[in-house]
Amino acid sequence: MTHLFSFLRRRSAPVFSVSAALILGLGLQDLRAETVSGSAFARSLAEAVSGQDGAAEFYKSTGYADLWTGPDDEQRRQAALMAFHRAADHGLATARYDAKALIAAFQSAQTERDRGRVEAAMTMAFLSYARDISSGVLIPSKVDEGIVREITRPDPQTTLQEFSASTNPAAFLQDLAPSAPEYARLMKEKLRLEGIVAQGGWPPLTFGKSLSLGASGAEVVALRDHLIARGYLGPTSTGTYDRSVMRAIQRFQLDHGLTGDGVTNEATLDALRIPARERLKSVVVAMERVRWMGDMERGQRHIWVNLPEFVAQIVDDGRTTFQTRAVIGKDVPEQRSPEFSDEMEYMVINPSWGVPRSIIVKEYLPLLQRNRNAVSHLQVVDNKGRVVPRGAVNFAAYSASSFPFGLRQPPSDGNALGKVKFMFPNVHNIYLHDTPAKNLFAHEVRAYSHGCIRLGDPFDFAHVLLAAQKSDPKGFFQTELESRLETSVSLDSKVPVHIVYFTAWPSQRGQIGYRKDVYGRDGRLFDALAEAGVVLPGEQG
């Protein structure tokens with residue numbers, strides 16, 4: 001018998017922990033004779049892929065020709081099994097496409113019907129892998145209803161057709177992963193953290209007192225060793241909290257969304273003490289989030305709002321050209337800011353605020369039922385936007401479901417939306433806007449809104465957007481502002497907006513920055529990934 005899977009004999013020792021002696025041999029002559037439609041192989045294959053979206057159609061279109069188990073399929077087999085074996089590098093659930101189990105299936109096959117079932121098993125593993133690595137393992141909205149991102153899944157039949165036609169299967173499989181540069185950097189960080197975890201993690205920090213410039217003693221030595229181990233401080237024998245230690249702490253603070261004052265205070269110590277294994281979980285979840293976005297075109301110019309970072313950015317050609325602090329939704333049900341992408345179409349200068357229905361019935365209607373003159377800064381309006389005198393409305397006669405009116409705050413210095421809002425119409429009623437509550441931007445954790453994104457520097461944000469279509473964007477904006485009239489300004493080119501949630505993300509200088517899981521979403525996502533089969537090194541699958 002000629003060994004059809006001789007590549008396993010050559011490659012299994014360094015790649016798989018499967019003995020090279022356990023290799024199935026199939027007669028080439030018999031296989032060639034049996035790969036015609038109507039054979040035992042074809043009937044078995046057809047039964048095995050029946051009802052499997054895309055796979056059944058693919059094999060029917062090829063007359064049930066083999067893709068994996070024929071004498072000329074070695075290159076594809078080898079590339080796929082290698083990819084399956086290394087799926088854990090991507091934070092994927094290797095049990096969903098277990099290379100060892102597939103090799104065992106090859107070994108145990110005795111008949112052409114067995115071979116048909118092995119062919120189908122390889123195909124289903126391949127399609128699962130292609131789907132997972134290109135668009136994610138999870139359906140995020142089933143894990144957290146605040147993740148409303150639309151995910152584009154690969155078409156199974158098209159994927160099989162393109163893979164079958166590929167002259168470089170290994171390159172094809174490699175290209176299934178997102179091409180975003182951040183994905184590669186996250187993957188590098190994942191492998192780095194796995195090495196740290198395997199070595200027992202970072203040196204412990206057991207002291208509790210704050211440290212600052214000029215301090216000395218055992219606590220400073222422990223902090224020094226910790227910073228060296230994490231790459232924030234070069235080799236040094238200093239026992240004093242000198243300027244090199246202070247600068248290292250400042251870099252750490254900036255990478256973790258903390259005030260960069262160089263003082264090792266309680267918040268900084270809390271961040272330093274988070275174990276490498278927990279940071280690894282954040283990276284694994286971040287890679288899954290990038291896969292949800294796939295290779296979607298973010299836009300040559302786009303707006304990027306990372307919720308846990310409390311920052312809104314304008315990005316041009318991959319480079320951040322403007323950045324401002326942001327306030328996001330409160331960490332309470334129905335007020336957490338959702339994650340999605342859309343396109344900004346226009347801005348409104350001197351906006352009125354149409355109070356969302358949920359706020360009207362939950363917050364304002366009870367006040368109006370007790371006192372019709374409550375919230376006097378708001379107008380009562382009918383369904384055509386006409387102002388209704390409060391004296392004409394019996395607020396007590398209505399319930400939350402029957403109240404037929406709206407509430408609107410006209411343009412003013414105290415308007416809840418401030419002086420400008422930026423619109424990308426969506427079913428979630430989320431937009432970016434100014435705010436009169438400027439004091440909130442001084443906080444490190446800025447989760448205070450009802451869901452919309454408040455901007456710390458909205459006028460400058462508007463100037464940058466208008467510069468693409470106005471010769472004097474500041475002058476134009478100021479003229480409209482001083483008119484005190486509500487004015488809508490369309491953007492000549494729509495600007496993609498991506499509201500995202502990354503607690504681990506590469507900074508401009510390449511270091512992976514970490515943020516608090518302000519809504520607890522990453523924790524829920526990692527639990528869901530673990531339930532799907534994702535296993536961290538050192539854990540049992």
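Colleague: Let's start with R291: is this residue buried or exposed?
Modeller: The relative accessible area of R291 comes out at 0%. Buried means under 20% relative accessible area, exposed means over 50%, and partly exposed is in between, using a 1.4 Å probe and protein chains only. At 0%, R291 therefore counts as buried.

Colleague: Before we go on, what kind of model is this?
Modeller: Residues are numbered from 1 along each chain as its sequence is written, and side-chain values use heavy atoms, with hydrogens and water left out. Local features need pLDDT of at least 70, side-chain atom pairs count only at pLDDT 80 or more, and totals for chains, interfaces and linings use all residues, since this is a predicted model.

Colleague: Back to R291, then. Which helix is R291 found in?
Modeller: Helices (H or I, at least four residues) and strands (E, at least two) are DSSP runs, numbered from the N terminus. Leaving aside neighbours within four places in sequence, R291 is in contact with residues including H90, D132, P178 and Y183; contact means heavy atoms within 4.5 Å. The helix that holds R291 is α15.

Colleague: How many Å apart in space are R291 and W304?
Modeller: In sequence, R291 and W304 are 13 residues apart. Going from C-alpha to C-alpha, the distance in space is 17 Å.

Colleague: W304 stands opposite which residue in β2?
Modeller: Two strands pair if DSSP finds at least two bridges between them. Six bridges join β1 to β2, and these strands run antiparallel. In β2, the residue opposite W304 is Q313.

Colleague: Why is β2 described as largely enclosed by the rest of the structure?
Modeller: In a regular strand the side chains alternate between the two faces of the sheet. In β2, V311, Q313 and V315 are buried on one side, and A312, I314 and D316 are buried on the other. The strand is largely enclosed because the count of buried residues in β2 (residues 311-316) is six of six.

Colleague: Which residue in the turn between β2 and β3 has a positive phi?
Modeller: Six bridges join β2 to β3 (residues 319-329), running antiparallel, and D316 stands opposite R319 in β3. The two strands form a hairpin with two residues between them. The turn residue with a positive phi, about 55°, is D317.

Colleague: On to charges: how many salt bridges does a search of the whole structure find?
Modeller: Side chains of opposite charge can pair when their charged atoms come close. A salt bridge is a side-chain nitrogen of Lys or Arg within 4 Å of a carboxyl oxygen of Asp or Glu. Searching the whole structure gives a total of 28.

Colleague: D144 forms a salt bridge with which residue?
Modeller: D144 sits in the loop between α8 (140-143) and α9 (156-165), and its partner lies in α19 (residues 521-532), 380 residues apart. With closest N and O atoms 2.7 Å apart, the partner is R524.

Colleague: K190 meets which side chain in a salt bridge?
Modeller: The N to O distance is 2.3 Å. Both partners are buried, and being four residues apart in helix α11, they are separated by about one helical turn. The partner of K190 is E194.

Colleague: How much space lies in the largest cavity?
Modeller: On a 1 Å grid over the protein atoms alone, a cavity is a set of points where a 1.4 Å probe fits but cannot get out; a pocket is an open set with protein on both sides within 12 Å along at least five of seven lines, and lining residues have an atom within 4 Å of a point. Grid points are joined across faces, edges and corners, and a volume is the space filled by probe spheres set on the points. The structure holds three cavities of 30 Å³ or more. The largest, lined by residues including E189, W202 and H256, has about 70 Å³.

Colleague: Which element gives the most to the lining of the second largest pocket?
Modeller: This pocket has a volume of about 850 Å³ and is lined by 34 residues, with E334, Q335, H450, G451 and C452 nearest its centre. Elements giving two or more residues to the lining are α16 (357-370) and α19. With five residues, the element that gives the most is α16.
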